[in-house]
Amino acid sequence: MPTERTLSIIKPDGVARDCIGAICGRFEQAGLRIVAARMVRLSQAEAGEFYAVHKERPFYAGLLRYMVSGPVMAMVLEGEGAIARNREIMGATNPADAAPGTIRADFAESVERNTVHGSDSAQTAAAEIAFFFDDMQICPRDS
């Protein structure tokens, strides 16, 4: 499986409940490396731009309110099959459907406050990483 990069975000509920270390540990234990990270508080405009793909969906306004309600931790994860691996570690969007031991099963409060975001494809990952990080902020790590 090729080495990939993906974006992961610990959303406001995860940051507020001090879950950053526990969540990052899950990624590292699964063989993913954090090659960039920053905490940021999104503006309404930034959240709207990031989630523009969902603009026509009924949950869009609530999603934006949630994402600007507090700081988020944005990270670039790197590793073999990082996109699929990250999504596996996160679990189903609805924590009620998430497998035991996944981040959402263990940390999420609800489908609306589901603690983490992860890119769903290589194309999405590239765009989402570029939204939060420039090339100088990404630090590849050898072994």
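Student: Where is Leu 32 found?

Tutor: Leu 32 is found in the loop between H2 and strand S2 (33–40). Helices (H or I, at least four residues) and strands (E, at least two) are DSSP runs, numbered from the N terminus.

Student: What kind of model is this, and how are residues numbered?

Tutor: This is a predicted model, in which local features need pLDDT of at least 70 and side-chain atom pairs count only at pLDDT 80 or more, while totals for chains, interfaces and linings use all residues. Residues are numbered from 1 along each chain as its sequence is written, and side-chain values use heavy atoms, with hydrogens and water left out.

Student: Back to Leu 32. Buried or exposed?

Tutor: Leu 32 counts as buried, because its relative accessibility is 2%. Buried means under 20% relative accessible area, exposed means over 50%, and partly exposed is in between (1.4 Å probe, protein chains only).

Student: Which residues does Leu 32 touch?

Tutor: Not counting residues up to four places away in sequence, Leu 32 touches Phe 27, Leu 77, Glu 78, Gly 79, Ala 82, Arg 85, Asn 86 and Ile 89. Contact means heavy atoms within 4.5 Å.

Student: And how far is Leu 32 from Ala 98?

Tutor: Leu 32 and Ala 98 are 20 Å apart in space, C-alpha to C-alpha, and 66 residues apart in sequence.

Student: Arg 85 was in that contact list. Where does Arg 85 lie?

Tutor: Arg 85 lies in helix H5, residues 82–90. Arg 85 counts as partly exposed because its relative accessibility is 27%. Leaving out residues up to four places away in sequence, Arg 85 touches Ala 30 and Leu 32.

Student: What about H2? Which of the residues in H2 are buried?

Tutor: H2 covers residues 20–29, and its buried residues are Ile 20, Ile 23, Cys 24, Gly 25 and Phe 27. Just after H2, Gly 31 takes a positive phi of about 90°.

Student: Which residues other than glycine have a positive phi?

Tutor: Asp 18 is one of them, with phi near 55°. Asp 18 is in the loop between helix H1 (12–16) and H2, and Asp 18 counts as exposed because its relative accessible area is 67%. Thr 115 is another, with phi near 70°. The place of Thr 115 is the loop between helix H6 (103–107) and strand S4 (116–118). Thr 115 is buried, because its relative accessible area is 0%.

Student: Cys 24 came up in H2. How many disulfides are there?

Tutor: The count is zero, where a disulfide is a pair of cysteine sulfur atoms within 2.5 Å.

Student: Why none for Cys 139?

Tutor: From the sulfur of Cys 139 the closest cysteine sulfur is in Cys 24, at 15 Å, so that is too far for a bond. Cys 139 is partly exposed, with a relative accessible area of 46%.

Student: New topic. Where is Glu 46, and what does Glu 46 touch?

Tutor: Glu 46 is in helix H3, residues 44–50. Glu 46 touches Arg 41 and Phe 131, residues up to four places away in sequence not being counted. Its relative accessibility of 34% means that Glu 46 counts as partly exposed.

Student: Now the whole chain. How many helices and strands?

Tutor: There are seven helices and four strands. From the N terminus on, the order is β-α-α-β-α-α-β-α-α-β-α.

Student: How does the radius of gyration of the protein fit that of a compact globule?

Tutor: A compact globule with 143 residues would have a radius of gyration near 15 Å, and the protein has 14 Å, which agrees. The radius is taken over C-alpha atoms, and the globule rule is 2.2 Å times the number of residues to the power 0.38. The C-alpha atoms fill a box of roughly 40 × 35 × 25 Å along the principal axes.

Student: What share of the residues is buried?

Tutor: Of the 143 residues, 47% count as buried. Among contacts with a separation of 6 or more, 78% are between residues 24 or more positions apart.
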